[in-house]
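Select each residue as it comes up, and take a look around before moving on.

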Amino acid sequence: MLLAIYAVVLNVHPFLAVTHRVKAKVLVVEGWMDEYAIRAGAGEFKTGDYEHIITTGGPAAGSGGYTNDYNTFASVGARRLKAAGVADESVLMVPSHVIGRDRTYSSAIALLRWLRDRNMALGSINVVTEDAHARRTRLLFQKALGNDVKVGIISIPNPDYDAKHWWRYSEGVREVIGEGIAYTYAKVFPYQSEAPPEDRPPKSFFPP
C-alpha cells in the first residue's frame, strides 16, 4: 500500500502536467495565466509554425461579471502577448461571458461558437496552459470542439515549486490535488452544455 501511494505521488504531476503538441497553425493561450506562462506562450508562437494566436478567457477577476469584451482575461492575455513581442495582426481575442465555474470549458465553447459564426474551420490547435492544469484543459477543449479537431497541449511549468517534489510546497499541493480532483470530475461527469453537432465548426479553414 505504501509503495502504491509513493508511486502515485511520484507520477501524478507528470500525468497532469502533460505536453503533447500536434501539427497546427493556430495556438490558443488561456488569458487568465500568470505572466511567466503568457511569455512562454509568446515564445511558443514565435518559434513554432503558427499563423495565429488566440486568447481565451472570461470576465476578469473583480469585475463582478461580464461587462464588455475588453474587461475579460482574453483581452488581458492579448495585451500581454503584444507586450511580449507578438505582432498585433497575429493576435485574435475570443472572450467568454462566463465567470467562475467551468471557465476552461466555457472558454472552449466560446471559441467553438466564434469559429462557427465566422464560418472558420479548425483542423487542429495547440493550447498553452499552466502546469498541472494541462490534462484537464486538453480534455475540455476536446469535449467542446469535437473529435474532428486535434487538440494538442503545452504545459508551462510553475516556477514557484519543484515539480519533482511538489508535495514539499504548499503551492504544489494545492495545484496537484486540486487539479487531480477537477480532472477526475471532468472525466467522469458529462457537461450538459456540450455543443450539439450543428454547433461544430466547418472543416476547411485552418487545416492541421
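Before the first stop, one term: buried means under 20% relative accessible area, exposed means over 50%, and partly exposed is in between, with a 1.4 Å probe and protein chains only. This is a predicted model, in which local features need pLDDT of at least 70 and side-chain atom pairs count only at pLDDT 80 or more, while totals for chains, interfaces and linings use all residues. Residues are numbered from 1 along each chain as its sequence is written, and side-chain values use heavy atoms, with hydrogens and water left out.

**The whole chain**

Start with a cartoon view. The protein has six helices and five strands; helices (H or I, at least four residues) and strands (E, at least two) are DSSP runs, numbered from the N terminus. Follow the chain from the N terminus and the elements run α-β-α-β-α-β-α-β-α-β-α. Of the 208 residues, 49% count as buried.

Contact here means heavy atoms within 4.5 Å. Among contacts with a separation of 6 or more, 76% are between residues 24 or more positions apart.

**Stop 1: V94**

Now select V94, in strand β3. Its relative accessibility is 1%, so V94 counts as buried. Beyond its neighbours within four places in sequence, V94 is in contact with I54, T55, T56, G57, A74, A110, L111 and W114.

**Stop 2: the largest pocket**

Next, show S96, S106, I109, A110 and R113, which lie nearest the centre of the largest pocket among its 15 lining residues. A pocket is found on a 1 Å grid over the protein atoms alone, as an open set of points where a 1.4 Å probe fits, with protein on both sides within 12 Å along at least five of seven lines; lining residues have an atom within 4 Å of a point. Its volume is about 260 Å³, that is, the space filled by probe spheres set on the points, with grid points joined across faces, edges and corners.

Colour β3 (91-95) and α4 (103-117), the elements that give two or more residues to this lining. Helix α4 gives the most, with seven residues. By class, the lining has seven nonpolar, four polar and four charged residues; Ala, Val, Leu, Ile, Met, Phe, Trp, Tyr, Cys and Pro count as nonpolar, Asp, Glu, Lys and Arg as charged, and the others, Gly among them, as polar.

**Stop 3: the rings**

Rings of Phe, Tyr and Trp (its six-membered ring) pair if their centres lie within 6.5 Å; planes under 30 degrees apart count as stacked, over 60 as edge-to-face and the rest as tilted. By this rule there are five aromatic pairs. Select F15 and Y183: their ring centres are 5.7 Å apart and their planes at 80 degrees, so this pair is edge-to-face. F15 is partly exposed at 38%, whereas Y183 is buried at 13%.

Then try F45 and Y50, a stacked pair at 6.2 Å centre to centre with 15 degrees between the planes. Both are buried.

**Stop 4: arginines**

Which residue lies over the face of F15? Select R135, at 3.9 Å from the ring centre. A charge sits over a ring if NZ of Lys or CZ of Arg is within 6 Å of the ring centre and within 35 degrees of the ring normal. R103 likewise lies over the face of W32, at 4.3 Å.

Finish at R136 in helix α5 (residues 134-145). R136 is buried, at 16%, and its contacts beyond four places in sequence are E179, A182, Y183 and A186.
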